[in-house]
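I opened the model today to look up a few points. My notes follow in the order I checked them.

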Amino acid sequence: GGWSGAWNARARLFENGRVTPAGEISATRTAPQSTLTLSVNLFSHADGSDRTRRFETFEGTPLAFEAERVQQSFYDIPPSLAWRRDFEAGHALRVDARVWTWRYAEMRTGEVFDGAGAFETLETGRSETTAYGGEATVDYDHVLGEVWNLKLTGLQRLDFDDGEDVFEDFDVLGTFDGRVTITDADSQGETVLRAELRRSRDDTDALTLSAEGAYNFLDGSLDIFEDDGTGPVRVDLPVSDTRVEEHRVDLAARRTWTPAPAWTLEGVLGVEFSRIAQTGDAEKEREFVYFKPEFTATWTLNERDQLRFTAERDIGQLSFGDFISSVNVRDDTSQLGNPELEPERTWRVQADFERRFSETGVVNFLVRHEWVEGVEDLVPVFTSGAGVFDTPGNLPDGWRWRVQGGFTAPLDALGVPGGELS
């Protein structure tokens, strides 16, 4: 028993001459049936970059040229905790938790020239985002008998961030020519409860039953103000102040068995129930039910060769950020949130072949075909009075082919012990 610890400290020197610290300190306490680890990390950087952009017509005629310099700074401090307690009969409880706070800042200057090379505009920008949050996971393993095991998992995550971006333009005489201010605030969270019951008679037969419930939310607001020198004026952007919530339940049964020494079969029957509700600038509530079967057959031909076939239905995960509008002043683009967005549904068949020719050498080939319902992409949206915007949306059904090959070869025979070529 007792405490032990470790620490390290580092410094990074960037090309712009700035130096930032980084490091970690941790302490671990061990007892006969438990272990506790506490740690704190520090990560930071202060990088910079220069880039140029040219704008031309399709025929190659120069339209504009921009020279841009960016300076960035970032720090992240995430303390964490890990605790494990072992009980008699193989039971175990684990708790992992961490919190974080970080800040990102950016300063930007850009000089814009016309197609003939004459100076037109000086553009400046400054951005700052601060965030904090926390996450905790609890796992409990319980042995129910010789062949049955129960695992319970709970997860809670909360994240909050606020940001402000200010962009200003000045003409060739240095006179103020306009300002755009963007403020945004987001809060999001995830709550998950999962139960998994597993039966394992031997290495050739296993059955897993699982049930998972989840609640996710994103509450976001975005405000835009333009100022031509007479005072800030609010710009209306659809779906810029909204809240999205999802309730989801996943049920699944998975069986893995080996009917013969050369064959392993795995089958899954799963179903997902979900409800997505959006309030605020957009009001929408939808319910979905998706079946998710999967089957995999693995044939080990000999000690070197293995062939695997998979057929499954996959349901894509929606990004809550696609439900809320966003803007990119630097590239003069806006993207509207889409409360009608649905996840991609994919039927996939795949064949894999693998051949080993040494302890570490391997050659593999993969062929995959997918039938996709509701392909996700950007689609145009026409709004009354606000113009045309891009928004994440669903295209008609489509399909995809993928053929892939790879290899890993040891280089010992070429005089490079332990080396590999991939």
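What volume does the second largest pocket have? I got about 540 Å³ for the second largest pocket. This is a predicted model, where local features need pLDDT of at least 70, side-chain atom pairs count only at pLDDT 80 or more, and totals for chains, interfaces and linings use all residues. Residues are numbered from 1 along each chain as its sequence is written, and side-chain values use heavy atoms, with hydrogens and water left out.

**Pocket terms.** The search ran on a 1 Å grid over the protein atoms alone; a pocket is an open set of points where a 1.4 Å probe fits, with protein on both sides within 12 Å along at least five of seven lines. Lining residues have an atom within 4 Å of a point. Points are joined across faces, edges and corners, and the volume is the space filled by probe spheres set on them.

**Lining.** I found 25 residues lining the second largest pocket. Nearest its centre lie Asp-165, Ile-182, Asp-184, Leu-222 and Val-327. Strands giving two or more residues to this lining include E9 (148–170), E10 (176–202) and E18 (326–328). E9 supplies the largest share, five residues. I sorted the lining into eight nonpolar, nine polar and eight charged residues. Here Ala, Val, Leu, Ile, Met, Phe, Trp, Tyr, Cys and Pro count as nonpolar, Asp, Glu, Lys and Arg as charged, and the others, Gly among them, as polar.

**Secondary structure.** I looked up the totals: zero helices and 25 strands. Both are DSSP runs numbered from the N terminus, helices (H or I) of at least four residues and strands (E) of at least two.

I then turned to E4 (residues 48–56) and E5 (residues 62–77), which pair in the antiparallel sense over nine bridges. Pairing takes at least two DSSP bridges between two strands. Arg-53 stands opposite Glu-66 in E5. Five residues separate E4 from E5 in this hairpin, and Gly-60 in the turn has a positive phi of about 95°.

**Val-239.** Val-239 is not a glycine, yet its phi is positive, about 55°. Most residues other than glycine have a negative phi. I located Val-239 in the loop between E12 (232–235) and E13 (241–260). Is Val-239 buried or exposed? Val-239 counts as buried because its relative accessibility is 11%; the buried cut-off is under 20% relative accessible area (1.4 Å probe, protein chains only).

**Whole protein.** Of the 422 residues, 31% count as buried. The C-alpha trace spans about 80 × 60 × 60 Å along its principal axes.

Conventions:
Buried means under 20% relative accessible area, exposed over 50%, partly exposed in between (1.4 Å probe, protein chains only).
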